Amino acid sequence: MKIQVETLSNGIHEYKFVVLPEEIFSDDLTVPADLSIQEVPDFQHPIYVAATIEKNTRHVYLKVSIHTIGKFQCDRCVEYFENEIDNSYEAVYRYQSRVPFPLQTGENDDFIILDENNPIIDLSEDVRQTLLLSVPMKLLCKESCAGLCSHCGTNLNEQPCDCISEIDERWNSLVSLKRNN
Ligand SMILES: [Zn+2]
Ligand SMILES: [Zn+2]
């Protein structure tokens, strides 16, 4: 996913890429610091990347939208489930030699310097990082996931277990105990 910007005319340019997960995720993956390894999504579906570049004399503006399907582990029942991912990021690039230009008011000085000899924008690393951080707020296979029985570990989405009724019975005996007092 490389875009050669040197030969581009000023103006807007659109790109579309489809990559396979194995093309951007290697085995020795560095997990972002604020994620535990269980939270890192597993990717098995093609990754669709749409990039828009707006080039002018001093800057290259980049906006990237990413769509794919990630595989996550449910917090309640620990089964795996798939979830669509739509995420995006933006970046601004500048040429080193053109940096001394004074920044205009309101202009963001948070930009990436383009290599003068090899002005290529490689999307792979940023797409990878964006995907790794695309973790849903709630990791649930479904909103109504019944989870595992905390007593016997049965997946309550698949079948009920006897623990609930046992607890009910204990409550009932407590209730009758109270009544007798
Ligand atoms: Zn679940
Ligand atoms: Zn149980």
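Biologist: Is L139 buried, exposed or partly exposed, and why?

Modeller: Burial is judged by counting C-beta atoms within 10 Å: 20 or more is buried, 12 or fewer is exposed. L139 has 17 C-beta neighbours inside 10 Å, so L139 counts as partly exposed. Keep in mind that this is a predicted model.

Biologist: Where is L139 found?

Modeller: L139 is in the loop that lies between α2 and α3, the latter covering 163–180.

Biologist: Which residues is L139 in contact with, leaving aside neighbours within four places in sequence?

Modeller: A contact here needs C-beta atoms within 7 Å. By that rule L139 is in contact with F72, Q73, C74 and D75.

Biologist: Where is H45 found, and why does H45 count as partly exposed?

Modeller: H45 sits in the loop between β3 (42–43) and β4. Its count is 15 other C-beta atoms within 10 Å, so H45 is partly exposed. Setting aside neighbours within four places in sequence, H45 is in contact with T68 and I69. The C-alpha atoms of H45 and G70 are separated by 7.5 Å, while the two residues are 25 apart along the chain.

Biologist: How many bridges join β5 to β6, and do the strands run parallel or antiparallel?

Modeller: Strand pairing is read from bridges between the strands. Between β5 and β6 (residues 80–95) there are 15 bridges, and the strands run antiparallel. As one example, H67 has D86 in β6 as its bridge partner. The hairpin of β5 and β6 has 6 residues between the strands, and V78 there takes a positive phi near 55°.

Biologist: Which way does β7 run against β6, parallel or antiparallel?

Modeller: Those strands run parallel, and 3 bridges join β6 to β7 (residues 112–114). Y95 stands opposite L114 in β7.

Biologist: Which residues of the largest nonpolar core touch the most other members?

Modeller: A nonpolar core is built from buried residues of the nonpolar kinds, joined through C-beta atoms within 7 Å. The largest one has 13 residues, and V49, V64, I66, L123, V127 and L131 touch the most other members. At least two residues of this core come from each of β4 (47–55), β5 (59–73) and α2 (124–132). β5 gives the most, with 4 residues.

Biologist: What does L131 touch, not counting residues up to four places away in sequence?

Modeller: L131 touches F43, I66 and I85.

Terms used. Residues are numbered from 1 along each chain as its sequence is written. Chains are lettered from A and ligands numbered from 1 in the order in which they are written. This is a predicted model: local features need pLDDT of at least 70, side-chain atom pairs count only at pLDDT 80 or more; totals for chains, interfaces and linings use all residues. Two residues are in contact if their C-beta atoms, placed from the backbone, lie within 7 Å. Two strands pair if DSSP finds at least two bridges between them.
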